[in-house]
Amino acid sequence: MALWKKEWLALMRDRHGLAALFIMPAIFILVMSLALADTFSGQQETRLAYATLDLDDTPASRALDALLGDFELLNKSAPPSDEANARLSVRTGEMAFVIVIPHGFARQIGANQPPKLRFLIDPAVPGMVRSGFGKYVEAAVTRVWLTHVLEQLGQSMMRPELRQVMENIGSPEISIEPVGSSDDGAAIAVAPTSVQQNVPAWLIFSMFFVVIPISTVFIGERQSGTLQRLHAQRVSFGLVLAGKFLPFVLINQIQAVVMVAVGRWLVPLCGGEALTLPGGAAAIAALFTLSLAVSVAAVGWALFIASIVQSSEQATILGGVGNILMGAIGGIMVPRFVMPVAMQEWTRISPMSWALDGFHDVMLRQGGIADVLLTVCALICFGLAALAMSIFLNRRATST
């Protein structure tokens with residue numbers, strides 16, 4: 001109890017450390033949830049523009065122009081006056097794409113030859129957008145060509161209704177249903193929204209940032225002789241470290257409550273989507289268990305860093321860089337599903353990735369304690385292993 005009281009007093013005096021634990025993640029959650037809302041929802045408004053330059057001016061080319069106008073992911077602009085202006089608009093970034101329908105387009109179709117287009121592309125356009133729009137243009141050209149082929153076939157077979165059939169062909173409608181369902185049979189979203197990604201991600205990151213205040217207190221005690229006096233009084237170093245566990249675990253739980261409140265009430269006040277938590281005692285118990293396991297891992301990691309550094313500056317650099325690397329690899333800063341496949345495998349080495357997967361298992365898949373038990377055990381083992389290394393290193397330093 002005396003050790004716990006000492007830690008609370010030291011922690012309450014470190015106002016800068018407390019500010020980093022609460023203000024920094026709250027700002028990250030607010031900013032990132034709002035900035036990435038459209039990206040996660042798949043309804044991102046784009047400013048990329050494209051145009052069609054019809055040099056053929058035939059029914060076939062006009063039909064293609066009409067089909068290309070149905071592409072809703074880009075903004076269609078007025079056609080340039082000539083090809084020189086089209087190239088200039090692409091070169092200056094005014095247009096992302098210009099599709100040039102050359103002279104002879106209808107003649108190629110009439111001769112049953114694959115029609116050719118000129119595709120002017122801004123090099124700065126992302127490869128995914130370029131590929132997707134290219135496939136759409138290719139499909140539109142193929143549709144115009146097949147319409148002509150089947151129209152000729154229908155005339156030779158005296159079946160004029162084939163043309164009407166082709167004109168009525170539209171794009172297929174695909175129904176997407178999330179995998180899994182809740183207890184009442186309702187569908188569950190399995191892809192996180194912006195706030196579902198950022199609240200647990202930056203909560204985990206902030207929990208691991210206890211490395212800064214723990215190191216500050218620990219190094220201050222070492223430099224002031226407090227640890228030496230405790231050792232002279234035969235207080236085991238394991239007990240000293242255990243005395244640091246409870247105060248910082250409680251701080252982590254307060255962080256969890258505050259960050260959830262930010263996602264649930266502050267983000268919607270600023271125009272974002274509110275965080276929704278799974279209902280039921282089992283899900284809440286699973287979230288609380290995960291939060292405690294992350295705390296054990298974070299505090300153990302912080303004590304390990306504090307044991308191997310000699311100054312607060314070293315702790316800030318080593319602990320901060322270590323947290324940033326674990327966050328970058330673990331899908332905190334960049335969601336795992338947007339990473340390349342090879343990079344996604346690397347995320348599994350980060351304990352932050354384990355924790356984020358556990359939160360998503362509960363928040364997105366309605367999991368319970370049994371579903372996150374392996375994650376909880378892995379996080380606790382990581383924290384206890386770091387704590388054991390801290391005790392070993394400090395005992396060796398003391399005996400030396």
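Student: In which helix does leucine 373 lie?

Tutor: In this predicted model, leucine 373 belongs to helix 17, which covers residues 369-399.

Student: Is leucine 373 buried, exposed or partly exposed?

Tutor: The term rests on relative accessible area, where buried means under 20% and exposed means over 50%. Leucine 373 has a relative accessible area of 45%, so it counts as partly exposed. Across the protein, buried residues make up 42% of the 400 residues.

Student: How far apart are leucine 373 and alanine 286, in sequence and in space?

Tutor: Along the sequence, leucine 373 and alanine 286 are separated by 87 residues, whereas from C-alpha to C-alpha the two are 8.8 Å apart.

Student: Which residues of helix 14 are buried, and where do they fall when the helix is seen down its axis?

Tutor: The buried residues of helix 14 are Ala315, Gly319, Gly320, Gly322, Asn323, Met326 and Gly327. Viewed down the axis of helix 14, these buried residues fall within an arc of 165°, so they line one face of the helix. The face turned away from that buried side carries Glu313 and Ile317, which are exposed.

Student: What covers the buried residues of helix 14?

Tutor: The cover includes helix 9 (194-208), helix 10 (211-224), helix 13 (281-308) and helix 16 (351-363).

How values were computed:
Residues numbered from 1 in each chain as written. Predicted model: local features only at pLDDT ≥ 70, side-chain atom pairs only at ≥ 80, totals over all residues. Heavy atoms only, no water. Helix = DSSP H or I, 4+ residues; strand = E, 2+ residues; numbered from the N terminus. Buried < 20%, exposed > 50% of the residue type's maximum accessible area, 1.4 Å probe, protein only. Arc of directions from axis to C-beta. Contact = heavy atoms within 4.5 Å.
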